[in-house]
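Hi everyone, thanks for coming along. I'd like to walk you through one model today, so let me put it up on the screen.

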There are 6 protein chains.
Amino acid sequence: MSRTDGRTPDQLRPITITRDWLAHAEGSVLVEFGDTKVLCAASVQDNVPRWRKGSGLGWVTAEYSMLPRATNTRNDRESVKGRIGGRTHEISRLIGRSLRPCLDLKALGENSIVLDCDVLQADGGTRTAAITGAYVALADAVAWMRKRKMCPGDPLVGSVSAVSVGVIGGVPMLDLCYTEDVSAHTDMNVVMTGSGAFVEVQGTAEGAPFDRGTLDQLLDLAVSGCSRLAELQREALGS
Amino acid sequence: MSRTDGRTPDQLRPITITRDWLAHAEGSVLVEFGDTKVLCAASVQDNVPRWRKGSGLGWVTAEYSMLPRATNTRNDRESVKGRIGGRTHEISRLIGRSLRPCLDLKALGENSIVLDCDVLQADGGTRTAAITGAYVALADAVAWMRKRKMCPGDPLVGSVSAVSVGVIGGVPMLDLCYTEDVSAHTDMNVVMTGSGAFVEVQGTAEGAPFDRGTLDQLLDLAVSGCSRLAELQREALGS
Amino acid sequence: MSRTDGRTPDQLRPITITRDWLAHAEGSVLVEFGDTKVLCAASVQDNVPRWRKGSGLGWVTAEYSMLPRATNTRNDRESVKGRIGGRTHEISRLIGRSLRPCLDLKALGENSIVLDCDVLQADGGTRTAAITGAYVALADAVAWMRKRKMCPGDPLVGSVSAVSVGVIGGVPMLDLCYTEDVSAHTDMNVVMTGSGAFVEVQGTAEGAPFDRGTLDQLLDLAVSGCSRLAELQREALGS
Amino acid sequence: MSRTDGRTPDQLRPITITRDWLAHAEGSVLVEFGDTKVLCAASVQDNVPRWRKGSGLGWVTAEYSMLPRATNTRNDRESVKGRIGGRTHEISRLIGRSLRPCLDLKALGENSIVLDCDVLQADGGTRTAAITGAYVALADAVAWMRKRKMCPGDPLVGSVSAVSVGVIGGVPMLDLCYTEDVSAHTDMNVVMTGSGAFVEVQGTAEGAPFDRGTLDQLLDLAVSGCSRLAELQREALGS
Amino acid sequence: MSRTDGRTPDQLRPITITRDWLAHAEGSVLVEFGDTKVLCAASVQDNVPRWRKGSGLGWVTAEYSMLPRATNTRNDRESVKGRIGGRTHEISRLIGRSLRPCLDLKALGENSIVLDCDVLQADGGTRTAAITGAYVALADAVAWMRKRKMCPGDPLVGSVSAVSVGVIGGVPMLDLCYTEDVSAHTDMNVVMTGSGAFVEVQGTAEGAPFDRGTLDQLLDLAVSGCSRLAELQREALGS
Amino acid sequence: MSRTDGRTPDQLRPITITRDWLAHAEGSVLVEFGDTKVLCAASVQDNVPRWRKGSGLGWVTAEYSMLPRATNTRNDRESVKGRIGGRTHEISRLIGRSLRPCLDLKALGENSIVLDCDVLQADGGTRTAAITGAYVALADAVAWMRKRKMCPGDPLVGSVSAVSVGVIGGVPMLDLCYTEDVSAHTDMNVVMTGSGAFVEVQGTAEGAPFDRGTLDQLLDLAVSGCSRLAELQREALGS
């Protein structure tokens with residue numbers, strides 16, 4: 001059972017994490033999982049949304065989007081359609097939720113960080129690449145804030161990375177590319193901390209429902225994939 | 001460790017499934033999980049979306065919504081705001097995805113079934129109640145179609161039910177009500193088939209990330225809850 | 001000349017007014033005019049719209065909506081279409097305008113009451129059922145406020161009820177159901193106070209224009225219908 | 001009891017009806033009720049909306065709008081706000097409904113006429129002026145069609161005009177200007193055919209509810225006003 | 001080479017500038033370039049947009065729109081479509097930008113002037129007619145403000161007018177009507193001050209690109225046209 | 001008079017044109033004018049918009065957008081705001097208009113090419129960089145089509161490039177970066193063909209109006225800049 005690109009079932013695609021890809025953002029990363037390229041920009045703002053004012057707590061949020069020609073055929077822009085689709089909403093919320101556990105929002109003070117994750121090219125796993133890259137951009141943005149003494153404490157209390165797993169032709173596999181994703185019977189996205197705990201587990205039976213044994217195998221693969229990604233994040237951050 | 005309503009950690013709330021609540025819909029159910037009340041209506045249409053025409057396959061989709069005063073304080077209507085929120089989109093997609101494995105879309109022929117799940121009153125677990133009730137409405141709609149010989153085959157090939165589980169004060173618990181949901185550190189929604197396989201697993205660390213052992217305990221609880229719900233669905237359908 | 005459901009021309013359908021149908025709302029009523037079922041929820045807010053601040057006056061407003069499968073065939077949701085239709089706007093404005101004369105807005109103080117009228121099932125006369133039910137929910141919400149001493153005075157200074165009348169096959173009839181409404185040449189909605197004065201009169205020639213004599217007969221029918229509805233409201237409120 | 005502009009209670013403002021105000025429209029009228037100026041354009045289209053295709057019947061619809069500076073203080077454009085307000089919707093629907101009885105839609109054939117009523121300057125009674133002017137534009141558009149033999153028959157089977165009436169300081173008055181409209185306790189818009197039958201009656205108690213006697217007096221005033229307007233329409237059309 | 005309406009290539013259409021066309025606006029002008037009729041209303045507001053508060057500077061902005069039947073065939077309303085088109089946006093921005101150089105925004109103080117330019121009838125050159133008319137409405141609005149001593153100084157420091165030029169059948173021509181505009185290979189709109197300087201130059205090759213010599217000829221024509229329009233503006237303002 | 005980055009007034013910034021930056025698009029270019037980076041993707045579609053069907057002619061259109069953190073401070077996404085701003089519309093229309101003269105739309109046949117120009121990083125001149133890069137992507141897309149024999153003829157009949165010019169401190173300068181753009185009194189964007197003719201000239205007096213002499217100097221600079229850009233485009237295309 002070989003994969004289209006020759007990988008073994010438990011192998012990640014080549015991963016690159018390029019910091020400081022943008023000149024203006026307080027943190028920015030071009031993250032690549034094989035042919036999937038996501039540009040992650042972290043923007044610091046010295047205020048919080050209205051409903052949070054006076055709480056002493058900061059805020060982190062994320063927006064995910066895809067360029068119209070990131071994919072094989074062109075998709076209409078959501079700005080032109082005048083509304084954001086369900087998938088975009090869902091992924092934006094997932095990214096924000098996944099990154100929040102990395103931060104002590106009290107130590108952040110009443111500041112906000114917005115993570116923009118724009119998919120320049122898509123080949124499967126865009127949401128997990130976005131989370132993995134956004135964490136590094138977030139870490140850089142926090143460092144930028146600390147250098148300027150904007151925060152009452154040290155807000156960065158953990159790290160997260162994410163990976164997709166799925167069952168193809170009966171074989172559980174790690175980090176699916178687009179053609180694999182399309183043919184997967186079960187598809188799962190897993191977000192984990194650098195210390196190996198779960199932040200989010202989202203498994204979906206695309207075709208046939210799956211049993212507990214398959215679920216356990218997929219979780220094993222995801223644990224090993226996230227662990228390797230956490231290592232690559234640490235290397236990228238030079239720590 | 002007792003729960004606010006006196007239940008044991010592995011106990012469901014009182015569940016009622018009232019069929020034929022509406023006069024016009026081909027299938028309709030008022031489902032109650034304690035104080036959570038969701039009206040599920042299945043509408044049969046003898047056509048499919050444009051992108052599906054000529055495929056010989058049917059389609060199932062779902063729309064979730066909450067009445068403005070389903071909750072403790074009033075929420076603005078999404079029709080008035082002019083756009084559907086991220087949470088609504090996400091849940092609508094989840095319900096549709098969860099019900100699709102119940103059907104053989106080829107046996108359905110080029111017909112559509114739309115499941116409208118409107119929350120009349122909310123007390124936690126609205127999305128899992130919606131899935132559980134929508135399945136029963138779907139089964140009634142399919143029976144309605146078969147009586148009229150609209151389908152080339154028998155499209156109903158399985159059943160689904162869903163339940164929420166979470167960790168409160170360190171204790172894994174089944175079927176959270178609203179006050180429990182708010183104080184849960186980890187929150188998981190699980191959708192299962194009547195035969196005990198997983199259709200969807202969505203776990204989120206609201207506060208602290210969770211370890212593999214906790215994940216396993218939550219899955220055990222969900223398995224037992226869904227099994228009981230499947231029994232109640234069978235009873236309601238008189239089979 | 002008998003009606004589809006055997007009523008005489010001047011007879012209302014069976015009317016039921018169920019109070020406290022919802023757990024959270026300050027006032028809530030499920031009102032039924034035959035098969036028409038409208039859920040009316042009154043929400044109290046301790047503030048007023050911005051343009052009213054500092055006036056010392058309260059505010060009452062209403063929002064009408066229909067569940068997608070309230071009707072014989074499914075209608076698309078206005079939240080999905082991204083805009084509220086003309087009919088919805090018009091009825092929401094009518095309900096708010098009709099209820100305002102029941103209240104002394106000075107005695108209400110700078111508080112607001114929002115009446116949500118959601119049609120769960122439609123069989124003609126949904127707007128008049130909504131007004132009739134919303135008044136009872138409003139009365140309950142005002143009682144709730146007075147118990148908490150939120151108002152500077154007693155804001156409830158009157159009551160309103162509403163009914164439809166129309167000419168079918170040349171015969172003026174009271175409280176039209178859907179099939180009657182569709183075949184009516186003239187259609188009129190009348191809102192009256194409990195003391196027998198007019199709040200709103202909206203008559204439309206659907207087919208042939210109507211003369212002064214017909215108008216007078218329709219008004220007579222409406223007067224008797226509203227008088228009976230006012231009685232039922234008083235009974236429901238136990239006064 | 002004299003009016004701000006010296007009129008008697010049963011007197012219309014000076015009315016002018018200028019035909020062919022626009023070069024392109026098949027029928028166009030600038031109608032003035034005192035300082036209220038509405039530009040009415042009738043556009044002929046040789047097709048009908050999709051839901052009407054193959055019915056053999058024509059269609060008439062109307063759109064009402066106000067220029068931002070038609071009023072004393074500037075209003076934001078609805079195109080800029082991105083949605084049409086409730087009042088605009090309501091009046092557009094009223095105008096369309098009022099004009100439809102003038103036409104035999106079968107004799108019109110599968111053609112449409114759109115009536116655009118744009119208020120250039122507002123001083124009360126814009127909707128009734130719009131209906132009165134739109135009828136004349138409609139008559140011109142039908143004449144234009146008949147000259148080109150577009151219709152299977154003669155579609156113009158009647159005429160309509162409209163006027164507002166109200167109670168100010170206890171006195172029923174005809175054709176209210178803006179300052180009168182604002183101080184009226186009861187406000188009624190009446191649409192009548194040229195032959196003296198009612199097409200639409202919309203009465204609203206702005207302040208105190210009104211009794212049957214007042215309603216009758218207002219209807220008397222409206223009948224005389226519409227009769228005079230029908231005369232002016234006939235003069236304008238030179239028939 | 002004669003033009004459809006018999007003009008010479010360097011001749012403007014008949015121009016009329018009618019001041020005080022509206023009763024309510026602080027300045028209002030009906031400007032006509034042949035059959036093109038634009039109603040320009042200047043609205044004074046004693047405040048500035050939020051981002052300008054505390055700056056001591058005033059603000060001028062413009063909104064351009066076309067009535068649906070200003071043109072030969074009816075266009076859908078942008079309010080009904082729920083969004084403003086690219087062309088409308090572009091012209092609104094051009095008008096605002098063109099008028100700003102007429103004003104010393106410091107001398108205006110923290111007041112705003114909104115110019116609404118509504119095309120009642122279109123026959124080419126609507127944007128240039130709008131700018132030319134809007135200047136006169138603006139001058140009247142400033143005079144109105146100065147009479148009320150609303151401004152710290154004299155804000156009117158210059159004038160602007162605008163005209164279109166184009167190449168038709170190889171011949172450069174001034175002030176194109178609609179049929180000329182459609183057949184022009186090159187189309188240019190030029191905005192100039194009353195003292196003969198350029199405020200905006202927008203030239204577009206509709207068909208074949210144009211050379212420097214043609215550009216110079218078109219600019220010469222525009223200079224003479226704008227100079228004549230400035231004269232007509234001065235006459236209209238009686239200065 | 002030296003520029004912030006040491007350039008002479010008539011010198012372009014370093015320009016790079018990287019072809020095939022994306023894997024999926026039929027033509028794609030990352031174009032850089034100094035720190036301004038625009039990703040241009042050309043998408044081929046084997047059909048035309050509905051209004052063009054049966055004409056035998058092809059179509060070219062463009063959409064311009066900026067990533068939220070392309071700029072110094074973060075801008076809200078237009079997809080989130082639910083509407084496209086005036087500036088975006090204006091630039092999208094300019095790009096489409098500028099590229100159309102490069103093509104013989106009859107030789108293109110009934111095919112469409114969409115040019116997506118997404119600004120990844122902004123430092124002034126984004127629209128002129130977009131036009132310059134989009135031409136190269138367009139040329140590649142046409143080559144892709146010709147290889148597949150999709151076109152009845154050779155559609156590429158010319159080339160375009162574009163550059164900004166402006167007056168800063170009285171000195172006319174070529175290719176303004178952001179800080180220069182902000183302080184420019186006059187700002188002009190010029191689009192020219194590879195053979196030296198004008199396609200679009202857009203000059204705006206940001207502060208003081210400008211005279212004919214300045215206009216001529218700016219045009220001279222633009223001519224030389226576009227000529228150099230055309231050379232770079234030819235080099236990039238290896239022709």
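This is a predicted model: local features need pLDDT of at least 70, side-chain atom pairs count only at pLDDT 80 or more; totals for chains, interfaces and linings use all residues.

Let's start where chain F meets chain A: counting pairs with both residues at pLDDT 80 or more, there are 20 residue pairs in polar contact between these two chains.

Which elements of chain F give two or more residues to the side that touches chain A? They are strand 3, residues 36-45, strand 4, residues 59-66, helix 1, residues 78-81, and strand 5, residues 112-121. Strand 3 of chain F has the largest share of that side, with seven residues. Sorted by class, the side of chain F facing chain A holds 17 nonpolar, nine polar and nine charged residues.

Now for the extent of this contact. Chain F puts in 35 residues, and chain A puts in 35 residues. Between them, chain F and chain A bury about 2900 Å², and carbon and sulfur atoms give 51% of that area. Within chain F, the residues that lose the most area to chain A are F:His24, F:Arg69 and F:Arg74, which together make up 25% of what that side buries.

There is charge pairing here too: the count between chain F and chain A is twelve salt bridges.

The area buried between chain F and chain E is about 2500 Å², 52% of it on carbon and sulfur atoms. Three residues of chain F, namely F:Glu90, F:Phe198 and F:Arg212, supply 25% of the area that chain F buries against chain E, more than any other three residues.

How many salt bridges are there between chain F and chain E? The count is eight. One to zoom in on joins the side chains of F:Asp216 and E:Arg212, at 3.8 Å from N to O. For polar contacts between chain F and chain E, with both residues at pLDDT 80 or more, the count is 14 residue pairs.

Strand 9 of chain E, residues 198-205, pairs with strand 9 of chain F in the antiparallel sense, over five bridges. Within that pairing, E:Val201 stands opposite F:Gly203.

One last stop, inside chain E. E:Gly109 sits in the loop between helix 3, residues 105-108, and strand 5, residues 112-121. Is E:Gly109 buried or exposed? With a relative accessible area of 6%, E:Gly109 falls under the 20% limit, so it counts as buried. Leaving aside residues up to four places away in sequence, E:Gly109 touches E:Gly56, E:Leu57, E:Gly58 and E:Pro152. For a sense of distance within the chain, E:Gly109 and E:His185 are 76 residues apart in sequence and 44 Å apart in space, C-alpha to C-alpha.

That's my tour, and I'm happy to take questions.

How values were computed:
Residues are numbered from 1 along each chain as its sequence is written. Chains are lettered from A and ligands numbered from 1 in the order in which they are written. Side-chain values use heavy atoms; hydrogens and water are left out. Buried area is the accessible area (1.4 Å probe) that two parts lose on being put together, summed over both. A salt bridge is a side-chain nitrogen of Lys or Arg within 4 Å of a carboxyl oxygen of Asp or Glu. A polar contact is a pair of N or O atoms within 3.5 Å; within protein, one must be able to donate a hydrogen and the other to accept it, and residues adjacent in sequence count only if both atoms are side-chain atoms. Two strands pair if DSSP finds at least two bridges between them. Helices (H or I, at least four residues) and strands (E, at least two) are DSSP runs, numbered from the N terminus. Buried means under 20% relative accessible area, exposed over 50%, partly exposed in between (1.4 Å probe, protein chains only). Contact means heavy atoms within 4.5 Å. Ala, Val, Leu, Ile, Met, Phe, Trp, Tyr, Cys and Pro count as nonpolar, Asp, Glu, Lys and Arg as charged, and the others, Gly among them, as polar.
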